[in-house]
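Please look at the sequence and the model first, and then read on.

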Number of protein chains: 2
Amino acid sequence: MNIGEAAKASGVSAKMIRYYEETGLIAPPERSPAGYRTYEPSEIHTLTFIRSARNLGFSMEEIAELLALWRDRERPRREVKRIVEAHIGDLEARIRALQDMAGTLRHLADACGGDDRPDCPILKSLAAPEPDTLPDPPAPHRFGAI
Amino acid sequence: MNIGEAAKASGVSAKMIRYYEETGLIAPPERSPAGYRTYEPSEIHTLTFIRSARNLGFSMEEIAELLALWRDRERPRREVKRIVEAHIGDLEARIRALQDMAGTLRHLADACGGDDRPDCPILKSLAAPEPDTLPDPPAPHRFGAI
DNA sequence: GCTTGACCTTGCCATGATGGGAAGCCCCAT
DNA sequence: ATGGGGCTTCCCATCATGGCAAGGTCAAGC
């Protein structure tokens, strides 16, 4: 299997396959006499694994760990679960941060008629460095608080 | 005000102030005879505006638009609101994507005892390209659906 | 056999926002 | 006048990805 077919079969672009090889995430494959990379089914399998993990938001570094655990069949589940739990925590922190932003903006947007008057309260609020630096103002309302 | 004081006053790092100038987001300030950048209070104000907007997740491109609207006092609120609403939509899409990931991982982690057995179901699931490519399997359960 | 088009190779550049560091100049206080 | 801290510019790195260009290769059709 050439790199193009491997890309199609795994869902990882040819560009990224070369990059993963360059950074050591995957081993260099065999080459044809002409220098073409040739992939075995097991390598396609690895690429598919990588793509699944990327789709779940794992970084390449985390994926390197997961791959090592995957290859070593004797490794206990505990270690995999630890990585996954840490990643979930990371995702949740990012979700919370985005929700805070969206909540604040929703509030501002609702306070803005969206009409054709000038003097927009949204811009006013951006220009005034009221919140977001102070540890916590009298806190009349917490937005992102899920 | 030198760049260091401007950074402290606005909360934008000196490094980023120079970068914003280089990319045209802010105008080049006056320089002292020795070539030091000197900032007026109005420029500090602008930097504070930028930082507020960054904290709310706006891209530099969006901030450039917001700054233009801010400077032009005759611009109707409508245009500001449009930008903000678009950004909220963007944030919400990202939140949904992250929630989908976290939900799937939560599901996997719960299915994994986290004990010291090998043969982890999480790795199994990553290796098997079941979901996430198919349009929508029989859908026994939607995770990120808030 | 030769041409053509699709594929492969390497290598470089770009993204977006940010930090790090080096080499050298400047200012102020001691 | 000396030292420390701040300023200047310039270059590099991040993370994962895409794009482009120049050149080699393969397979099909003539």
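Buried area is the accessible area, taken with a 1.4 Å probe, that two parts lose on being put together, summed over both. This is a predicted model, in which local features need pLDDT of at least 70 and side-chain atom pairs count only at pLDDT 80 or more, whereas totals for chains, interfaces and linings use all residues. Residues are numbered from 1 along each chain as its sequence is written, chains are lettered from A and ligands numbered from 1 in the order in which they are written, and side-chain values use heavy atoms, with hydrogens and water left out.

Q: How much area do chain B and chain A bury between them?
A: The contact (heavy atoms within 4.5 Å) takes 53 residues from chain B and 53 residues from chain A. Of the area buried between the two chains, 68% is on carbon and sulfur atoms, and the total is about 5000 Å².

Q: What relation do the two chains have?
A: When copies are superposed by least squares on the C-alpha atoms of residues with pLDDT of at least 70 in both, a rotation of 180° with 0.0 Å of shift along its axis brings chain B onto chain A, with an RMSD of 0.1 Å. That is therefore the relation of a two-fold axis.

Q: Which residue of chain B has the C-alpha nearest the axis?
A: The axis belongs to the rotation of 180° that superposes chain B on chain A. In chain B, the nearest C-alpha lies 2.8 Å from this axis, and it is that of B:Ile95.

Q: Which residue meets A:Glu85 in a salt bridge?
A: A salt bridge here is a side-chain nitrogen of Lys or Arg within 4 Å of a carboxyl oxygen of Asp or Glu, and across the interface of chain B and chain A the rule finds two. In one of them, at 2.8 Å from N to O, the side chain of A:Glu85 meets that of B:Arg106.

Q: Which oxygen of DNA strand C lies 2.4 Å from a polar side-chain atom of B:Lys15?
A: Among the polar contacts (a pair of N or O atoms within 3.5 Å; within protein, one must be able to donate a hydrogen and the other to accept it, and residues adjacent in sequence count only if both atoms are side-chain atoms), A:Arg31 lies 3.0 Å from a phosphate oxygen of DNA strand C. B:Tyr20 likewise has a polar side-chain atom 2.9 Å from a phosphate oxygen. For B:Lys15, the atom at 2.4 Å is a base oxygen.
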